[in-house]
Amino acid sequence: MTPLIEFKEVSKIYHMGDSVVIAANKISMRIYKGEFVAIVGQSGSGKSTCMNIIGCLDVPTEGQYLLDGRDVGGMNKNELAEIRNEMLGFIFQQYNLLPKLNLLENVMIPLMYAGVPVHERKQRAMDALESVGLGDKYAHKPTQLSGGQQQRVSIARALVGLPSVILADEPTGALDSHTGREVLNILQGLHSQGNTVVLITHDNSIAATAQRIIRLEDGCVVYDGPSTDPRAFVHAGRPVAEVPGEGGAAT
Amino acid sequence: MKLYESLKMAFANIWASKMRSFLTMLGIIIGIAAVMVIVGLGNGMENYMTASFESMGTNTLSVDITGRGSSRTVSVDEMYKLVDDNPNDLSLISPLVSMNATVKIGSDTADTTGVTGVSEDYLTIKDYSASSGRGIQYVDVLKRKKVCVIGSYVDKTYFDGSGLGQTLKINGEQFTVVGVLKAEADSEESSTDDAIYIPYSTAARMSYTGTISSYVLTVPNVDKATEGKTIVEDALYKIFQDDNFYRVISMAEMLDTMTKMLNVMIAVLAAIAAISLVVGGIGIMNIMLVSVSERTREIGIRKALGAKERWIKSQFVIEAAVTSAIGGVLGILDGYLLSSIATLIVTQAMNVDMTVVPSGAAVLMAFGISVGIGVLFGYLPAKKAAQLNPIDALRYE
């Protein structure tokens, strides 16, 4: 079976003046369809770089990134935009809804860029909003909603284009523990419906929601395995303070 | 993504910041309105000038002979012969003898009334017609009769409208009114209606001038004006051997020259007004750059969700063009308003019958230019927006 996401020794190197920053150092990994994977790491571990590359917002400096068997490295900006539109659903920490548009219009954006006819667009966006329990608020502006509700709208927006991968970047980062848990439950629900979910976080307790953990440190993969294994939560050779499963979703 | 969606988004964004959009448009509004009023004024002036010249007759040639003493001169017969010899290029002629005369009508003195000696063709040349009675006739000229044709002002003012058949005194000599002319101007004092015409032969004798130095001629049609003028000039040059002793003026040529001058003047003025359009365009560019900065995050989000560069670019270009086009439409409306005000001022305050009319072509061009300015000055900010790196744009606070 072809992996949905395959990194073959992917490196990302930034040149900042004279200094060279290696944000990702020969990372290799495979994520298959239907998996729920958390990419975990402290800041500076390279997880944001990984997320940008997986999300086709950036391309590797070295190595290959195959998305559903297609090499993304050689694509131009337009092709990357198409791939993002068709295959990826983004959920951001700051929700990133457009404040001037109402909820329905926000959810419709990916469909608009995909060229879906207006009528079908509205119907699908409405369905997506209903699936996150906000169908009755479709005419509201994002600012009229709570953080948790806004994040649910952004999940609806990520889902509406029926993407191959749902990419959640610190989705609970701006939420309190209770609403954070709600969002994680939705992600788990999406996974159980057969979606591929990639969660990027620095927080072990949140990462524990996933089936599988890929831990990054200094641009390298230091652990890749099931979230049930205690070694998944070992940071730099010693167990991390937080114990998965206990306590709420941290801020 | 279809054009109407981009337009809808552009309108929504413009509407979302009404005040700013309006101020941005102001340069375009003022520029378009100014250009329209100036072009309208030009059109009005040209129409007014053409109308005035046509009332004087664009098919006429004026000949003034300054002569040099009495040694060499042109006689009336020579001038008539010239017209007879060139029937294709010249048609009618009337000598003109302006008299410095005292006109007495009953006990009144008509100070403002001009007395001119003319031929039997003069009324035809000027396209005047008699409302009652007749014009000057060949017999009157031949016999130096003391008859006159009076303008409507003279008739109204001194004869209460029943001047036909009455008499008046010019320099003490009694003349019989044989005709009254239709009102040509406004029947006011000193207008063309405040005039008395007598046979030129009579006038010449009364003025003690042996030679007549002014003539008015006509050409068969306006196109012949230049040929007719050349023929008269050539004939006069043969006689005088010096072109300083006569002057031939073609009304058509004068109108042509004046129209050309006017057009140059209008073009210069319009170009100055158009500078404001460029300034307006720069204003649009400036505000679009601000808008791109403000919406950096939005651009990042849209790009992450699959917007291609050209979509972002066209969105901003369309927004600039729509802003500018709305400014253009407002400017056109303003232009019409100001044109009517200008017409009112010119007709009421300056008492000149002139309409300030922006031509349809000018309006269309103004609109086209305003859209063009939007596209031109919106392009740079739009390109900047399109080339934003989505990662940086998403991180932008």
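Just after helix H7 of chain B, B:Tyr208 takes a positive phi of about 60°. Helices (H or I, at least four residues) and strands (E, at least two) are DSSP runs, numbered from the N terminus. The model is predicted: local features need pLDDT of at least 70, side-chain atom pairs count only at pLDDT 80 or more, and totals for chains, interfaces and linings use all residues. Residues are numbered from 1 along each chain as its sequence is written, while chains are lettered from A and ligands numbered from 1 in the order in which they are written.

H7(B) covers residues 200-207. Its buried residues are B:Tyr200, B:Ser201, B:Thr202, B:Ala203 and B:Met206. A residue is buried if 20 or more other C-beta atoms lie within 10 Å of its own, exposed if 12 or fewer, and partly exposed in between, with C-beta atoms placed from the backbone. The cover over these residues includes three strands named here, S2 (93-99), S5 (114-118) and S9 (173-181) of chain B. Helix H5 (138-142) and strand S10 (195-199) of chain B are also included.

B:Gln241 counts as exposed because it has 9 C-beta neighbours inside 10 Å. B:Thr211 is 30 residues away from B:Gln241 along the chain, and their C-alpha atoms are separated by 19 Å.

Chain B as a whole contains 13 helices and twelve strands. Its radius of gyration is 33 Å, whereas a compact globule of 397 residues would have a value near 21 Å. The radius is taken over C-alpha atoms, and the globule rule is 2.2 Å times the number of residues to the power 0.38. Along the principal axes, the C-alpha atoms of chain B fill a box of roughly 105 × 50 × 30 Å. Buried residues make up 42% of the 397 residues. Of the contacts in chain B with a separation of 6 or more, 83% are between residues 24 or more positions apart. Two residues are in contact if their C-beta atoms, placed from the backbone, lie within 7 Å.

The domain assignment of chain B gives domain 1 (3-54 + 256-395) and domain 2 (97-208). Such bounds come from an automatic or database domain assignment. The centres of domain 1 and domain 2 of chain B, taken over C-alpha atoms, are 58 Å apart.

Chain A has seven helices and twelve strands. The radius of gyration of chain A is 18 Å, close to the 18 Å from the globule rule for 251 residues, so chain A is as compact as a globular protein of that length. Its C-alpha trace spans about 50 × 45 × 40 Å along the principal axes. Of the 251 residues, 47% count as buried. In chain A, residues 24 or more positions apart account for 68% of the contacts with a separation of 6 or more.

Six strands of chain A form an open sheet with mixed pairing, in the order S6-S7-S8-S3-S9-S10. Strands S6 (88-91) and S10 (220-226) of chain A are the edges, and each pairs on one side only. The twist averages 15° from one strand to the next. Axes are lines fitted to C-alpha atoms, for helices over the stretch in contact, and angles run from 0 to 180 degrees between N-to-C directions. Two strands pair if DSSP finds at least two bridges between them. S6(A) runs parallel to strand S7 (residues 165-169) of chain A, joined by four bridges. Within this pair, A:Phe90 stands opposite A:Leu167.

Strand S3 (residues 36-40) of chain A is mostly covered, with five of its five residues buried. In a regular strand the side chains alternate between the two faces of the sheet. A:Phe36, A:Ala38 and A:Val40 point one way from S3(A), and A:Val37 and A:Ile39 the other way. S3(A) pairs in the parallel sense with strand S8 (residues 196-201) of chain A over five bridges. There, A:Ala38 stands opposite A:Leu199. S3(A) also runs parallel to strand S9 (residues 212-217) of chain A, through four bridges. On that strand, A:Arg215 stands opposite A:Val40.

The contact between the chains takes 18 residues from chain A and 17 residues from chain B. On the chain A side, helices H2 (77-87) and H3 (103-114) are the elements that give two or more residues. H2(A) gives the most, with six residues. The chain A side divides into nine nonpolar, four polar and five charged residues. Here Ala, Val, Leu, Ile, Met, Phe, Trp, Tyr, Cys and Pro count as nonpolar, Asp, Glu, Lys and Arg as charged, and the others, Gly among them, as polar.
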